[in-house]
Amino acid sequence: MNARTSIQIINGPDGEPAFVVIPYGEYMARRNVDSDLIPHNVVDRTVDGATPVRAWREHLGLTQAVVAERLGVSQSAYAQQEGSDRLRKASREKIAAALGISPEQLNF
């Protein structure tokens, strides 16, 4: 019996499996499971001295004013939070929601 499958395996030049192709919808569903991943660019910015909040904001291409507006605070109030190495859990959760990421992605 040949069951229909939604994945495709592509072999390399040596005949061994090298790639797996899955439907886009399945990829997006699996991607959301790995929502705690942190892009290299964000980590790289923190190594250079940026706080995780600033690194994420810059990675996402947002200005302080845009994030402050999403939070309902002034730009200067947000700038203070962004520069802090120690955010309260509640603040981290609100900023993460404004950035569209999980709070865990700010806690590294």
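Reader: In which helix does Glu93 lie?
Author: The model is predicted, and its helices are numbered from the N terminus. Glu93 lies in helix H6.

Reader: Is Glu93 buried, partly exposed or exposed?
Author: Buried requires under 20% relative accessible area, and exposed requires over 50%. Glu93 has a relative accessible area of 37%, so it counts as partly exposed.

Reader: How far apart in space are Glu93 and Leu106, C-alpha to C-alpha?
Author: In sequence, Glu93 and Leu106 are 13 residues apart. In space, their C-alpha to C-alpha distance is 8.8 Å.

Reader: On how many sides of H6 do its buried residues lie, and what arc do they cover?
Author: The buried residues of H6 are Ser91, Arg92, Ile95, Ala96, Ala98 and Leu99. They lie on the same side of H6, because around the axis they cover an arc of only 160°.

Reader: Which exposed residues does the face of H6 turned away from its buried side carry?
Author: The buried side of H6 includes Ile95 and Leu99. In an α-helix, residues three or four places apart point the same way, because there are 3.6 residues a turn. The face turned away from the buried side of H6 carries Lys89, Lys94 and Ala97.

Reader: Which helices do the buried residues of H6 pack against?
Author: Arg92 and Ala96 are among the buried residues of H6. The buried residues of H6 pack against H3, H4 and helix H5 (75-83).

Reader: Which element gives the most to the largest nonpolar core?
Author: The largest nonpolar core has 16 residues, and Ile95, Leu99 and Leu106 have the most contacts inside it. Two or more residues come from each of helix H3 (52-59), helix H4 (64-71) and helix H6 (89-99). With 4 residues, the element that gives the most to this core is H6.

Reader: Leaving aside its neighbours within four places in sequence, which residues is Leu106 in contact with?
Author: Leu106 is one of the residues with the most contacts inside the largest nonpolar core. Leaving aside neighbours within four places in sequence, the partners of Leu106 are Pro52, Val53, Trp56, Arg92, Ile95, Ala96, Leu99 and Ile101.

Reader: Which elements do the buried residues of H3 pack against?
Author: In H3, the buried residues are Pro52, Val53, Ala55, Trp56 and Arg57. The buried residues of H3 pack against helix H2 (40-47), H4, H5 and H6.

Reader: Which residue follows H3 with a positive phi?
Author: Just after H6, Gly100 takes a positive phi of about 80°. H3 is followed by a residue whose phi is positive, near 75°, namely Gly61.

Reader: Which residue in helix H2 is linked to Glu58?
Author: Side chains of opposite charge can pair when their charged atoms come close. Glu58 meets its partner in a salt bridge of 2.8 Å, N to O. The pair links distant parts of the chain, 13 residues apart, with Glu58 in helix H3 and in helix H2 the residue Arg45.

Reader: By about how many helical turns are Glu58 and Arg54 separated?
Author: Glu58 also forms a salt bridge with Arg54, with the closest N and O atoms 2.7 Å apart. Because Glu58 and Arg54 are 4 residues apart in helix H3, their separation is about one helical turn.

Reader: What is the relative accessibility of Glu82, which counts as buried?
Author: Arg57 and Glu82 form a salt bridge, the closest N and O atoms being 2.4 Å apart. This pair links distant parts of the chain, with Arg57 in helix H3 and Glu82 in helix H5, 25 residues apart. Arg57 counts as buried at 9% relative accessibility. Glu82 counts as buried because its relative accessibility is 4%.

Reader: Which residues make the nonpolar surface patch of about 270 Å²?
Author: One member, Ile7, is found in the segment before strand E1 (8-11). Ile7 is partly exposed, with a relative accessible area of 37%. The patch is made by Ile7, Ile9 and Val20.

Reader: In what order do the elements of the protein run from the N terminus on?
Author: The protein has 6 helices and 2 strands. From the N terminus on, the order of the elements is β-β-α-α-α-α-α-α.

Notes:
Residues numbered from 1 in each chain as written. Predicted model: local features only at pLDDT ≥ 70, side-chain atom pairs only at ≥ 80, totals over all residues. Heavy atoms only, no water. Core = buried A, V, L, I, M, F, W, Y, C linked by side-chain atoms within 4.5 Å. Buried < 20%, exposed > 50% of the residue type's maximum accessible area, 1.4 Å probe, protein only. Contact = heavy atoms within 4.5 Å. Patch = residues over 30% accessible without salt bridge, like charges linked within 9 Å, V, L, I, M, F, W, Y side chains within 5 Å. Areas by Shrake-Rupley, 256 points an atom, 1.4 Å probe, with all protein chains shown as cover. Salt bridge = Lys/Arg side-chain N within 4 Å of Asp/Glu carboxyl O. Arc of directions from axis to C-beta.
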